[in-house]
Amino acid sequence: MSIARPAQDGRTGAAPGAAPGAAVDAATADEAAGVHRQDYGRAPEFRGTDHDAGTGELIRQATRQVSDLLRAEVRLAVAELKDKGRHAGTGAGMFGGAALVALYGGGALIAAAIAAIAVALPVWASALIVGAVLMLVAGILAMLGRSQTRRAGPAKPEQAMDEAKQAVAELKERATHR
């Protein structure tokens with residue numbers, strides 16, 4: 001095994017005393033040269049080995065470390081959002097499936113109600129009764145929805161606009177009193 005050391009020109013070569021032509025492991029060579037490979041699954045490493053580094057080098061290292069840290073945080077945030085989005089999509093699909101099954105279940109219950117009434121009346125009369133009840137419920141829901149829609153008014157943030165106008169008026173008043 002040979003030890004890789006940086007040459008004067010910055011290239012990595014075999015250590016003095018190593019067998020000529022000995023293969024140098026790439027990771028060992030990079031590590032010996034001060035080059036660290038970034039593992040994107042972990043936070044960046046702090047290397048405090050340069051005791052004689054000048055202020056410029058320390059600032060350069062700090063800038064690089066902050067940049068690496070920010071990139072790692074962004075990658076973590078993206079991965080987290082993808083995971084949450086995948087779960088949200090799966091949940092929405094399951095809610096959609098539940099709504100479809102509930103729709104079919106409601107249809108089956110309506111058919112059962114018609115069949116139950118058909119024991120005492122003709123089938124057409126029982127279907128007419130159940131249909132009329134359903135139309136009555138739909139009409140009531142439509143009227144309630146209409147009243148709620150009218151309450152909504154125009155789609156503009158009136159309270160926020162009023163507060164903004166009040167803040168501007170206060171700033172103008174303060175500016176004139178100086």
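A polar contact is a pair of N or O atoms within 3.5 Å; within protein, one must be able to donate a hydrogen and the other to accept it, and residues adjacent in sequence count only if both atoms are side-chain atoms. This is a predicted model, where local features need pLDDT of at least 70, side-chain atom pairs count only at pLDDT 80 or more, and totals for chains, interfaces and linings use all residues. Numbering starts from 1 along each chain as its sequence is written, and side-chain values use heavy atoms, with hydrogens and water left out.

**Exercise 1.** Work out why the span of helix α2 agrees with its length.

*Solution.* Helices are DSSP runs of H or I, at least four residues, numbered from the N terminus. The expected span is 1.5 Å times one less than the number of residues. With 63 residues (55-117), α2 should span 93 Å, and its end C-alpha atoms are 91 Å apart, so the two agree.

**Exercise 2.** Find what the buried residues of α2 pack against.

*Solution.* Buried means under 20% relative accessible area, using a 1.4 Å probe and protein chains only. In α2 the buried residues are Q61, A72 and I114. They pack against α3 (123-152).

**Exercise 3.** Describe the surroundings of S126.

*Solution.* Start with its place: S126 sits in helix α3. Next, S126 counts as buried because its relative accessibility is 0%. Its side chain reaches the backbone oxygen of V123 at 2.8 Å. Finally, leaving aside neighbours within four places in sequence, S126 is in contact (heavy atoms within 4.5 Å) with I114, I117 and A118.

Methods:
Helices (H or I, at least four residues) and strands (E, at least two) are DSSP runs, numbered from the N terminus. Buried means under 20% relative accessible area, exposed over 50%, partly exposed in between (1.4 Å probe, protein chains only).
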